[in-house]
Amino acid sequence: MEHDPNLRSEHSVLRSFLLFRNTTERTVDVYWVNYSSRFIHYTTLKPKTGCMVNTYVTHPWVFKDRQSDERMHVRHQPVYLPEPWYTNFNSAGRLTRKEVNIHFPVRTLMDNCLWRIVALLADKEESALHELEIPRVLKQELAEKRNNKTKTTIGFVT
């Protein structure tokens with residue numbers, strides 16, 4: 001999904017006023033997806049913090065765990081598309097910012113285990129992964145998760 005050419009910002013005049021809230025216990029990087037499908041780092045949210053954003057309805061946003069590079073979700077989706085400004089009124093009839101709650105994705109038990117192993121092997125050599133007595137397919141998935149994390153850590157933009 002990170003290199004999906006269909007996931008990109010498009011021109012719009014319809015604004016959206018948001019309040020991104022990190023509801024997790026993790027540090028989350030916030031990315032705007034530009035017109036060329038590239039993730040542009042917008043800000044970093046500490047656990048339980050938020051930031052106000054003025055954007056457009058055709059501008060996608062993506063959220064990643066800073067440590068693991070795992071996608072965080074909004075409304076159980078890995079990509080957030082803003083709603084128009086005129087849909088956000090409070091009970092008194094006043095226009096407000098749309099609260100966008102960033103949350104941890106629902107994962108399978110296997111995904112939980114793979115992410116835990118990646119975290120445990122974070123400071124080990126690549127050969128440590130191959131020494132594990134687990135099926136080859138799991139080693140391949142672990143290597144992929146670890147490589148994705150390493151690319152982000154050394155500064156590649158995804």
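Before you click anything: the model is predicted, so local features need pLDDT of at least 70, side-chain atom pairs count only at pLDDT 80 or more, and totals for chains, interfaces and linings use all residues. Residues are numbered from 1 along each chain as its sequence is written, and side-chain values use heavy atoms, with hydrogens and water left out.

**Whole chain.** Show the protein chain as a cartoon. Its C-alpha atoms fill a box of roughly 60 × 30 × 25 Å along the principal axes. You'll find 3 helices and 7 strands, in the sequence pattern β-β-β-β-β-β-β-α-α-α. Both are DSSP runs numbered from the N terminus: helices are H or I with at least four residues, strands are E with at least two. Of the 158 residues, 38% are buried (under 20% relative accessible area; exposed is over 50%, partly exposed in between, with a 1.4 Å probe and protein chains only).

**Domains.** Colour 15–103 as domain 1 and 109–155 as domain 2; these bounds come from an automatic or database domain assignment. Their C-alpha centres lie 28 Å apart. Next, select 7–84, where an unreviewed UniProt entry places the feature "domain: von Hippel-Lindau disease tumour suppressor beta"; such annotations may be inferred rather than shown by experiment. That span is 0% helix and 47% strand, and its end C-alpha atoms lie 19 Å apart.

**The sheet.** Now trace the open sheet of 7 strands, β3-β2-β5-β6-β7-β1-β4, with mixed pairing (two strands pair if DSSP finds at least two bridges between them). At the edges sit β3 (39–45) and β4 (50–56), each pairing on one side only. Zoom in on β2 (residues 28–33) and β5 (residues 61–65): they run antiparallel, joined by 5 bridges. Here W32 stands opposite W61 in β5.

**Aromatics.** Y35 is partly exposed, at 44% relative accessible area.

Then select F20, Y42, W61, F63 and Y80, which form one aromatic cluster.

Last stop: K64 lies over the face of Y31, 5.7 Å from the ring centre (the cut-offs are NZ of Lys or CZ of Arg within 6 Å of the centre and within 35 degrees of the ring normal).

Key. Rings of Phe, Tyr and Trp (its six-membered ring) pair if their centres lie within 6.5 Å; planes under 30 degrees apart count as stacked, over 60 as edge-to-face and the rest as tilted.
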